[in-house]
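This briefing goes through selected features of the structure shown below, grouped by topic. Please read it with the sequence at hand.

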Amino acid sequence: MRIAIAGAGNVGRSIAQELIGNGHEVMLIERQPRQLCPERVPEAQWILADACELSSLEEADVASCDVVVAATGDDKANLVVSLLAKTEFAVGRVVARVNRAENEWLFTEQWGVDVSVSKPRLMAALVEEAVTVGDLVRLMTFRQGEANLVEITLPKNAPYEGKPLRSVPMPRDAALVAILRGKRVVVPTPDDPLEAGDELIFVCTTEVEDQIRAVVLGSSPA
């Protein structure tokens, strides 16, 4: 995916590094020259511009981006970036950072925000989870228990599409805890059939993530 991040401070750079590490193309837009540090994230495209200016976003070709992340330290700027990205450039997914809790109520669809969050790792996971089908996305890490919350969106023609959960050979140290189906949250039972488009939420150890991917998608573990 091509992803634009407005704001190249600590948060913006952290998000960029997460997403680049997962194979995405990232563009960082920063209006403060002192924050322009390409050497810190050399794999990203860096642009010195004000992301709150329509002309700047046009020059950066934001319309070609799959996702825009508003990650500045200014909530007003993040709202403006979100609104412009959604209304002027029809960006499919807009994720915005909320800096002050009292402003959270503003970060809604009316301002072009699809998801409002604060922590870099969670922001990166939400970006990927929303648009990734047929791959495993790590949503959260439970560090003390050394377990992860991961998601796989079931593609069409997956090996167990249309089959009950009892037929899925679940790896050890992994549990399917929920199925997100449209607007429903399904608590899985052995007789529930899997449907294309289901978002499968697992809790598992890092060691078995590849096994889960292989079972659900029918591919060989890496």
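Arg213 and Asp210 are three residues apart in helix H5 (residues 209-217), so about one helical turn separates them. Their side chains meet in a salt bridge, with an N to O distance of 2.4 Å. Asp210 counts as partly exposed, at 28% relative accessibility. The model is predicted, and the values given here are computed from it.

**Salt bridges between separate parts of the chain**

- Arg2 counts as buried because its relative accessibility is 14%, under the 20% cut-off.
- Glu25 is partly exposed, with a relative accessible area of 44%.
- A further salt bridge joins the side chains of Arg181 and Glu195, at 3.6 Å from N to O.
- That pair links distant parts of the chain, 14 residues apart: Arg181 is in strand E9, and Glu195 is in the loop between strand E10 (184-186) and strand E11 (199-205).
- Arg181 counts as buried, at 17% relative accessibility, whereas Glu195 is partly exposed, at 38%.

- The network consists of Arg181, Glu195 and Asp198.

**Residues with positive phi**

- Most residues other than glycine have a negative phi.
- Ala90 has a positive phi, near 50°.
- Ala90 sits in the loop between helix H3 (75-87) and strand E5 (93-97).
- With a relative accessible area of 63%, Ala90 is exposed, because the cut-off for exposed is over 50%.
- Asn157 is another residue other than glycine with a positive phi, in this case near 65°.
- The position of Asn157 is in the loop between strand E8 (147-153) and strand E9 (174-181).
- Asn157 is exposed as well, with a relative accessible area of 72%.

- Is Ser82 buried or exposed?
- Ser82 is buried, with a relative accessible area of 0%.
- Ser82 belongs to helix H3.
- Leaving aside residues up to four places away in sequence, Ser82 touches Ala70, Val94, Ala96, Trp111, Gly112 and Val113.

**The chain as a whole**

- The protein chain has five helices and eleven strands.
- Of its 222 residues, 46% count as buried.
- Among contacts in the protein chain with a separation of 6 or more, 55% are between residues 24 or more positions apart.
- The accessible surface of the protein chain comes to about 11,500 Å², and carbon and sulfur atoms account for 49% of that surface.

Terms used
Residues are numbered from 1 along each chain as its sequence is written. This is a predicted model: local features need pLDDT of at least 70, side-chain atom pairs count only at pLDDT 80 or more; totals for chains, interfaces and linings use all residues. Side-chain values use heavy atoms; hydrogens and water are left out. Helices (H or I, at least four residues) and strands (E, at least two) are DSSP runs, numbered from the N terminus. Buried means under 20% relative accessible area, exposed over 50%, partly exposed in between (1.4 Å probe, protein chains only). Contact means heavy atoms within 4.5 Å. A salt bridge is a side-chain nitrogen of Lys or Arg within 4 Å of a carboxyl oxygen of Asp or Glu. Accessible areas come from the Shrake-Rupley method with a 1.4 Å probe; for residues, only the protein chains shown count as cover.
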